[in-house]
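Subject: A structure for you to explore

Hi there,

Here is the structure I promised to pass on. Have a look at it first, and then read my notes below.

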Amino acid sequence: MTPEPNTPVLRFLDLHKSFDGRCLFRIPELSIHPGTCLLLKGRNGAGKSTLMKILAGLEAPDGGLVESGGERRPWHAARQLCRSQAIYVHQQPYLFDRSVEANVAYGLEQAGWPRRRIRATVGEALEWAGLSHLAGRNARTLSGGEKQRVTLTRARVLQPRLLLLDEPTASMDQAARDQTQALVRRLRDEGMGILISSHELQEMTPLADLILTLEEGRLRQEDDTPRRIRAVPLQPAMATALA
Ligand SMILES: Nc1ncnc2c1ncn2[C@@H]1O[C@H](COP(=O)(O)OP(=O)(O)OP(=O)(O)O)[C@@H](O)[C@H]1O
């Protein structure tokens with residue numbers, strides 16, 4: 001079923017996290033909608049990675065609510081839901097010491113898919129990403145840009161509704177950044193909700209429906225947000241991510 005574009009995939013309310021008694025952030029509301037891309041800025045240590053891991057259900061906040069499908073639950077009760085809907089992609093994604101094909105197939109194998117279906121899905125996905133010629137190569141021998149494309153392809157076959165990308169173009173040359181950006185754009189256009197933390201603002205801004213800054217524990221919307229006019233108009237809830 002195609003998701004209703006005006007309904008957020010997940011909506012987080014009063015999400016807060018402290019370390020050692022210091023408040024890292026408190027976020028009144030953050031909604032991520034299908035087919036939209038949010039760009040998350042913030043200085044080193046502002047809490048971007050921690051926030052993304054919480055959104056993906058990988059790390060626990062001190063408190064917060066998650067709304068999905070009209071139902072609102074405490075984060076802890078919604079953790080599995082977050083995990084099933086979102087994939088967090090680390091700055092330096094871990095790739096197995098196996099072929100590209102095996103890396104992309106891994107999640108599907110874990111999910112118990114039949115072998116023939118896995119082969120067909122992985123083949124289609126590698127073609128989608130322009131990686132078919134590297135299918136048999138050991139993934140660890142690839143360039144940084146190629147590795148990131150394998151990681152995005154590995155995420156795509158699992159069909160998450162949210163993709164959380166932590167510095168996806170760090171330490172890449174221009175060509176690799178362009179290729180990564182092109183794949184992210186296609187994922188967004190296929191309907192995925194995407195949150196990217198990035199210092200490469202020049203590169204990623206054209207993709208962004210909304211630019212957010214995490215600063216001193218607060219999430220605010222940048223004045224220079226591009227506000228690209230899309231088929232799916234921005235909803236007030238999105239723009240209020242951020243008191
Ligand atoms: N498990 C932990 N225990 C204590 N402090 C932590 C823990 N995890 C993260 N922190 C601290 O929380 C702060 C935010 O870290 P985080 O990695 O989320 O920031 P970031 O914005 O992603 O930074 P960068 O841009 O450098 O990746 C840092 O000061 C970090 O040291």
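Two strands count as paired if DSSP finds at least two bridges between them. Strands, like helices, are DSSP runs numbered from the N terminus: a helix is H or I with at least four residues, and a strand is E with at least two. With that in hand, L39 stands opposite I211 in β9.

Before going further, please note that this is a predicted model: local features need pLDDT of at least 70, side-chain atom pairs count only at pLDDT 80 or more, and totals for chains, interfaces and linings use all residues. Residues are numbered from 1 along each chain as its sequence is written.

Strand β3
L39 also has I196 as its bridge partner in β8. Strand β3 (residues 37–41) is largely enclosed by the rest of the structure, because four of its five residues are buried (20 or more other C-beta atoms within 10 Å of their own, with C-beta atoms placed from the backbone). Four bridges join β3 to β9 (residues 210–215) in parallel, and β3 also pairs with β8 (residues 193–197) in the parallel sense over four bridges.

Strands of a sheet pair through backbone hydrogen bonds, either parallel or antiparallel. An open sheet of four strands has the order β2-β1-β4-β5, and its pairing is antiparallel. Its edge strands, β2 (22–32) and β5 (71–74), each pair on one side only. Inside this sheet, β1 (residues 10–19) and β4 (residues 63–68) are joined by four bridges, and R11 stands opposite E67 in β4.

The ligand
Which helix gives the most to the shell around the ligand? That is α1 (residues 48–55), with three residues. Among the residues surrounding the ligand are F19, L24, N44 and K48; a residue is near a molecule if its C-beta atom, placed from the backbone, lies within 6 Å of it. The shell divides into three nonpolar, six polar and one charged residue. Here Ala, Val, Leu, Ile, Met, Phe, Trp, Tyr, Cys and Pro count as nonpolar, Asp, Glu, Lys and Arg as charged, and the others, Gly among them, as polar.

Helix packing
Helices α3 (residues 100–110) and α5 (residues 144–157) pack at an angle of about 30°, with axes 8 Å apart. Axes are lines fitted to C-alpha atoms over the stretch in contact, and angles run from 0 to 180 degrees between N-to-C directions. The two helices α3 and α5 are therefore roughly parallel to each other (an angle under 35 degrees).

Enjoy exploring!

Technical notes. Buried ≥ 20, exposed ≤ 12 C-beta atoms within 10 Å, placed from the backbone. Parallel < 35°, antiparallel > 145°, perpendicular 65-115°, else oblique.
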